[in-house]
Amino acid sequence: MAFITIKNLTKEFRYYKKQEGFRGSVKNMFKRKKLVKKAVNDISFEIQEGEFIGFIGPNGAGKTTTIKMLSGILTPTSGEISALGFTPSKRDPKYLSQIGVVLGQKNQINPDLPPAETFLLFKEIYGIPEKEFKRKLAELVKLLDVKDIVNVQARRLSLGQRMKCELIAALLHSPKILFLDEPTIGLDVTSQ
Amino acid sequence: MNKYFKVMYASAKMSLMREMEYRADFVMFFLQTATFVFFNLLFYKVILGNINSMGDWNYPDMVVLFGTYTIIDSIFMTFVLTNVSRIESYVRKGTLDSFLVKPLDSQFLISTQNVNLPQLPAIVFGVAIVCYGFRIGHYNIPTLNVLLYLLFILSSAVIIYAMTVVLNCVIFVIDKAEELTEIIFSVKQFAKFPDIYSGYIRYVLMFMAPIVFSSFVPAGALLGKVNTKFALYYFIISILSLVVARVVWKNGLKRYKSAGG
């Protein structure tokens, strides 16, 4: 039984184009030509337990869109996804508690507080037992070498430091599947 | 269920810690609330100084009504507005993503993210105004009425919450809807007055904008001045509005496009 099975997955977005300049904007108020973009067009594949899969493609190829459908953020236009036996777009808590997501462009760590506070909130959200939480956190902090920064307001951290904390937040509950979208933004060579 | 309470507690704590990181801003917020309550009181004083009664509501009744309005407004500002009005920007900027991947109900998570503590003391002012109304009216109130009062305050809070959610969910259909929450503010103004509507207008308002009755029904229940049938409708509508908000939210999520990244 495959961990993740994707069959004929398609996602369409509707959008429109605007002619340059102010005139174009005024015209746009009255008439818009609707265009449909197929961000993901009929893809199928399987992923087994223990595999590391990477998406490679130019900008706008649909890499992020696929990850967003796999993690339940977007609902596919057509096609099927089965992950750990669940349909992601139904967002069953039993599924969501087994996945970890890092979206490079979006922070889960609250910028106004030290990352350690966000970790504590995640402990409650994922219902991680105290002992397990402490062990896991100590392990990850050591691995990523962030001991000195977890108690500093996240706003004052560098991009790379923040990204390391994002990774910790996504791994605290020991997810079975980890979705990473541009997780290496700002990371130095040794961390990558 | 227990888990939900734990998360709610942790979120509230975090929200307060966040505010306290910015000390000056935190203190200023309290000042702002104090100013707000002061001007509201002044407004009541001026209005009530000129009008002795509205419909069959005499002066002390009106004082109780205004006190109730202050209580409900404080609940709205402390718990509802600070959370629900952010839906629009979460959707527009795509930050909703991080709520959606959590193994808890997304509507719950979004509705309990923040507590706007500085607005909470206004509740105390509200209660004080209600008590003052009772003193000058020399009223005695049976315990049952107090229970009904609390129940209908809860109904009003639910209705205001649901309406704010529904208005914010318009963002799922159109791409920008920043000004929609303003509608709540303009409609809410009418809640400062008793039921001065007659005939079918009452029932149209009841279905279209039950917020109009958000202080009248609780205050009326407390004073024994509300028609039982009308109060019952109000209660049913509060439950219905919660269901509508839920359906709108769920359907909105299906259309969610996320953004960037």
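In this predicted model, the contact between two helices of chain B, H3(B) and H8(B), brings together B:Ile71, B:Ile72, B:Ile75, B:Phe76, B:Val80, B:Leu81 and B:Val84 from H3(B) with B:Ile153, B:Ser156, B:Ala157, B:Ile160, B:Tyr161, B:Thr164, B:Val165 and B:Asn168 from H8(B). Twelve of the residues in this contact are nonpolar and three are polar, with no charged residue taking part. As for the geometry, H3 spans residues 59-84 and H8 residues 143-168, and their axes come within 10 Å, crossing at roughly 35 degrees. The crossing of H3(B) past H8(B) is right-handed.

Of the contacts in chain B with a separation of 6 or more, 79% link residues 24 or more positions apart, and 38% of the 261 residues are buried.

Turning to chain A, helix H2 (residues 63-70) is largely enclosed by the rest of the structure, because six of its eight residues are buried. These buried residues of H2(A) are A:Thr64, A:Thr66, A:Ile67, A:Lys68, A:Met69 and A:Leu70. Their cover includes four strands of chain A, namely S1 (4-16), S2 (34-47), S3 (78-83) and S5 (177-181). After H2(A) comes A:Gly72, with a positive phi near 85 degrees.

Conventions
Residues are numbered from 1 along each chain as its sequence is written. Chains are lettered from A and ligands numbered from 1 in the order in which they are written. This is a predicted model: local features need pLDDT of at least 70, side-chain atom pairs count only at pLDDT 80 or more; totals for chains, interfaces and linings use all residues. Axes are lines fitted to C-alpha atoms, for helices over the stretch in contact, and angles run from 0 to 180 degrees between N-to-C directions. A crossing is left-handed if the near helix is turned anticlockwise from the far one by less than a right angle, and right-handed if clockwise. Two residues are in contact if their C-beta atoms, placed from the backbone, lie within 7 Å. Ala, Val, Leu, Ile, Met, Phe, Trp, Tyr, Cys and Pro count as nonpolar, Asp, Glu, Lys and Arg as charged, and the others, Gly among them, as polar. A residue is buried if 20 or more other C-beta atoms lie within 10 Å of its own, exposed if 12 or fewer, and partly exposed in between; C-beta atoms are placed from the backbone.
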